[in-house]
Amino acid sequence: MKKTIKLVDLDCANCAAKMERGISRLEGVTSVSVSFLAQKMVLEAPEEKFAQVLDEAVKVIHRFEPDVTVKA
Amino acid sequence: MTRKQKKLLQRILAAGVLFTAGMLLPYLLPGGLFLPRLELAVFAVCYLLIGWDIVWRAACNIREGEVFDENFLMALASLGAFLLGDYSEGAAVMLFYQVGEWFQSYAVDKSRRSISKLMDIRPDYANVERAGQLVQVDPDQVALGEIITVRPGERVPLDGQVVGGHSFLDTSALTGESLPREVEPGSEVISGCINQNGLLQIKTTKLFGESTVAKILDLVENSSEKKARTEAFITRFARYYTPAVVIGACLLAVVPPLVNGGDFNTWVYRALTFLVISCPCALVISIPLSFFGGIGGASRCGILVKGSNYLEALAATEVVVFDKTGTLTKGSFAVTAVRPAQGSADRLLELAAYAEEASNHPISRSVKQAYGRPIDRTRISKVEELAGRGLRTVVAGRTVLAGNAKLLREAGVPFTPEEEAGTVIYLAVDNRYAGSILIEDELKADTTAALAALKEAGVRKAVMLTGDSFSVGQKVGTSLGLDEVYAELLPGDKVAKLEELLTALQRRNPKAKLAFVGDGINDAPVLARADVGIAMGALGSDAAIEAADVVLMTDEPSKIATVMQIARKTLGIAYQNIIFAIGVKLIILILGALGLASMWAAVFADVGVAFLAILNAMRALQVRQLAPQNNYHCLLT
């Protein structure tokens, strides 16, 4: 399952790169792309694990930039 | 400005006032023991006001084990300056760092907005009749085959067919084309166009999700996923840059004092200047921004580029391979000569039109079009299609052969072969030669100019592949000045030929790229095989939009040169930014190590460079001088 998630107020390009690297290392992530310019993330993970993977991914995002609002 | 930006701006202004006050303090008050303490107090308040969030975030990140974090490094550098007694510099580092952050956020936001404005083709609503009343609904809610009403000035929300009304459509947001398109009942219309003057009733032929407008938006939004090699390089560089600079700073602080017995304070100060320049921000923002701008600029000209990697490949393209029909030529055939063996040309054309009546081949259609009168089908009694040869039709009791030379030769009819290049239909009535009709495909209006522009844009070789005969291929090839022409190719042969050209190119220059241009209808395998597959005239053709890497919404070949110029310009800007940003940082690092650059210079190297690089990146969005003359949408930058 592939889903596009909006990251409102994603303001730091370097953090976006770090988020992408961090999330891609999470278990269950098939592929991930964090675009600083489009302010969004495209996350791909197996359907049954998706909610759990997304939770973990959001944690990673907030670690690098706490004031990002995640909109699924 | 977003709320976040406004808040930061207020803090910057307040801190700026405090900072100025701190700087003026020595001039306003008499010196003494009391002054340094007051200075410390003012700068410390200024520092906390502007940098509390950075320090807080740094502390959080340390707990997570994230040492090479820019917040942490900035906090360390500025607090270090305080400890060394350089209060003003400590506060300045934080203040200017935040000013830089604000500018970045503002500039990026602005270019984000101007790019999304370019792609502002999403229809907000559709007018449909529900329970006898015309209501506005979300385009998502419209069913297949439902009738929608589009008033003048409104955007067509879904693809469909006009069932009532007459109007002109402005397609410029999709195609970059300024000329409005006339539509009447029966016309196919695509979503995203703006209805100019008449009321239109449209029967939808696609759901919103499958409509052209949804496809295009999806494509543009996802274009940032396919990253250019340059972008990947920057990401990798950024990963090693920060740790390298931080390790350098540590060594600088410790080694010289231990070896030479230098003053610890001096070397720690120099190490702190290192930390200030340790963020690769300028690069990480400006390079993707350049590509994003280039893609946005291209889409303003009616050219969709599916990823920045294709922009990069286009800039390195040395060979462009064209399909002939529908790409260089119009793909619509026209009768150019009628040569009867005896009798009038009109009679021969009539005969041909009757003989070709049953066929729907483009060539047959062109004959019927040239004849232009209704055909009495009762006079045709028997039609036999002879594959690869032509047709045998019985018209008013007489057997008419219409087809190529092979057909007549096999029937044993003597005839005079035509010398001219083109498609020739030979006709025979009851095995007696009746004459021939010459049919030719016309070149598109801007084909010649397009090829000249391509050569100017740095393409070394223009090649044409065609399934047509050698003589036709040669004729087109010489009239256009193409470098190579390969004719009589079956669809499978085209892929093989392209592979041959690819290997030849790679042997000569491994970095050079090859682009293939087709109409995207039956050349999907060739489009996929080329480094860059360009489909043209793709408006409304899903297959072409899917198969190609670059989609030209109109069918003008001159757009290929436009997109190549945009690609080259974008790459140029990206390289300028890389060299500028890395260069300035390197110089400041060296000067900092030698004690010649103060923390002030370091802050400039970090924030100023990022700011200038962003401004430079935004130039990629400007496509004015690259646009074809007739293209007003491109001109409006």
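Good morning. I begin with A396(B), which is exposed, having 11 other C-beta atoms within 10 Å. Please bear in mind throughout that the model is predicted. This alanine lies in chain B, in the loop that joins strand 14 (390–395) to strand 15 (398–403). Its backbone deserves attention: A396(B) is not a glycine, yet its phi is positive, at about 50°. As background, most residues other than glycine have a negative phi.

E488(B), which is not a glycine, has a positive phi of about 50°. The loop that holds E488(B) runs between strand 19 (484–486) and helix 17 (491–508) of chain B. Is E488(B) buried or exposed? E488(B) is exposed, because 12 other C-beta atoms lie within 10 Å and the exposed class extends to 12 or fewer.

Let me turn to a residue in another setting. Y47(B) is part of helix 2 of chain B, which covers residues 34–63. Y47(B) counts as buried because it has 26 C-beta neighbours inside 10 Å, where the cut-off for a buried residue is 20 or more. Which residues does Y47(B) contact, once neighbours within four places in sequence are left aside? They are S78(B), G90(B), A91(B) and M94(B).

I move now to chain A and its sheet. Four strands form an open sheet in the order 2-3-1-4, with antiparallel pairing. Strand 2 (31–35) and strand 4 (69–71) of chain A each have a single partner strand, so these two stand at the edges and each has one side without a neighbour in the sheet. On average, neighbouring strands of this sheet are turned by 20° against each other, direction ignored. For strand 2 of chain A, the pairing with strand 3 (residues 40–44) of chain A is antiparallel and comprises five bridges. Within chain A, V32(A) stands opposite L43(A), a residue of strand 3.

Finally, I come to the contact between the two chains. How many residues does each chain bring to the contact? Chain A brings 13 residues and chain B brings 19 residues. On the side of chain A that touches chain B, helix 1 (13–24) and strand 2 of chain A each supply at least two residues. Helix 1 of chain A gives the most to that side, with three residues. By class, the side of chain A that touches chain B consists of seven nonpolar, three polar and three charged residues. Thank you for your attention.

Note on methods. Residues are numbered from 1 along each chain as its sequence is written. Chains are lettered from A and ligands numbered from 1 in the order in which they are written. This is a predicted model: local features need pLDDT of at least 70, side-chain atom pairs count only at pLDDT 80 or more; totals for chains, interfaces and linings use all residues. Two strands pair if DSSP finds at least two bridges between them. Axes are lines fitted to C-alpha atoms, for helices over the stretch in contact, and angles run from 0 to 180 degrees between N-to-C directions. Two residues are in contact if their C-beta atoms, placed from the backbone, lie within 7 Å. Ala, Val, Leu, Ile, Met, Phe, Trp, Tyr, Cys and Pro count as nonpolar, Asp, Glu, Lys and Arg as charged, and the others, Gly among them, as polar.
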